[in-house]
Amino acid sequence: MGETLLIDLRSDTVTKPSPDMRKAMAEAEVGDDVYGDDPTVNALEEKAAELFGKESALFVTSGTQGNLVSVLSQTGRGDEIILGNQSHIYSSEAGGVSVLGGVVMYPLETNQNGTIDIQKIKDAVKGDDYHKPRTKLFSFENSHNWSSGRPINKLDSDKMAKAAKEVGLRVHVDGARIFNSAVSLGIPVKELTENVDSVTFCLSKGLGCPIGSVIVGEKDQIIEARRVRKILGSAMRQVGVIASCGIVALDTMIERLEDDHENAKKLAIGLSEMDIIEIDADNIYTNLVRFKITNQKGFEFAEKLKEYGVHINGGESDLRMVTHYGIESSDIDKTIEAVSKAVNVI
Ligand SMILES: Cc1ncc(COP(=O)(O)O)c(C=O)c1O
């Protein structure tokens, strides 16, 4: 009790910029990005497009905005997006695509590993019937947050994308943590996403940036996305100051995600050794560790654990710990010890 050190495992969004990022911010060459004059933003967008093998890219403020802009640039009012019922777009973005774009969301049952059955995708498409919304877009998440960060492998990703395309849909990937998937699967992101139309990825999660996400896709879609971003009031000016961190992240922060995955696995195994905890430690492949505690409410336990120096997120029954830049293997040892003490305090 009474520990002063706080190990913050609430999310990988809590990271602070690396010294290289601080330096890059201070030295960034900037210009007015609304005029396309910011060389640092341009360099980041070119780098991202190249990394994903797509024609073009757009820097946006957040993952939520990346998804919103991606959806609105590929649909119109009254169109429909089909997506997982446990997807972030459906469950955790305040219904933005419907609120701001008049787009109908049609949620599909999600498998435990974060995939969606091909037949379900095909069956969800509405025929040419003026009573129905027009189904235009299919979206899935990689890695899948609710499935404890399960990476969707290339085979499953391609299968879903091809099935959606066969029935005339475009395909968007919410790749908030796509680099975690790519590193865990040992495959370049370019290959993992070659059969989808657009991807949003976050700079401000595992890659450690303070702000920002990027959308990659084909040229015409990104031109439209730039327009939607303007509508949303998020065309920014000398934004190279923050885009500079994105360049550092893409150069230096991808491979180290492996450390986060190792830490997450170690954490999951440690938790699985406690009787009172339910966790599928075999299926932890990236940096999200979800578990349940059988003798108390999740949020009550999270509150208690804070007294032992560890800060995590807890809902009614689910709890989540996320490893990230700044969390060392020794922090995992301390966390396991803190949990083992806190579980016994009712
Ligand atoms: C899968 C997924 N998509 C999108 C987002 C949204 O990102 P942001 O918090 O930058 O809006 C998150 C955030 O946690 C996420 O987990």
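## Polar contacts between the domains

Nine residue pairs are in polar contact across the interface of domain 1 and domain 2, both residues being at pLDDT 80 or more. A polar contact is a pair of N or O atoms within 3.5 Å; within protein, one must be able to donate a hydrogen and the other to accept it, and residues adjacent in sequence count only if both atoms are side-chain atoms. On the side of domain 1 that touches domain 2, six residues are nonpolar, seven polar and five charged. In this classification Gly counts as polar, and Asp, Glu, Lys and Arg as charged.

This is a predicted model, in which local features need pLDDT of at least 70, side-chain atom pairs count only at pLDDT 80 or more, and totals for chains, interfaces and linings use all residues. Residues are numbered from 1 along each chain as its sequence is written, and side-chain values use heavy atoms, without hydrogens and water.

## The two domains

Domain 1 covers 7-15 + 256-342 and domain 2 covers 19-251, with bounds from an automatic or database domain assignment. The contact (heavy atoms within 4.5 Å) takes 18 residues from domain 1 and 19 residues from domain 2.

The rule finds one salt bridge across the interface of domain 1 and domain 2. A salt bridge needs a side-chain nitrogen of Lys or Arg within 4 Å of a carboxyl oxygen of Asp or Glu. Asp12 and Arg177 form a salt bridge through their side chains (2.7 Å, N to O).

A polar side-chain atom of Arg177 also lies 2.9 Å from an oxygen atom of the ligand. For Asp174, a polar side-chain atom lies 2.7 Å from a ligand nitrogen atom.
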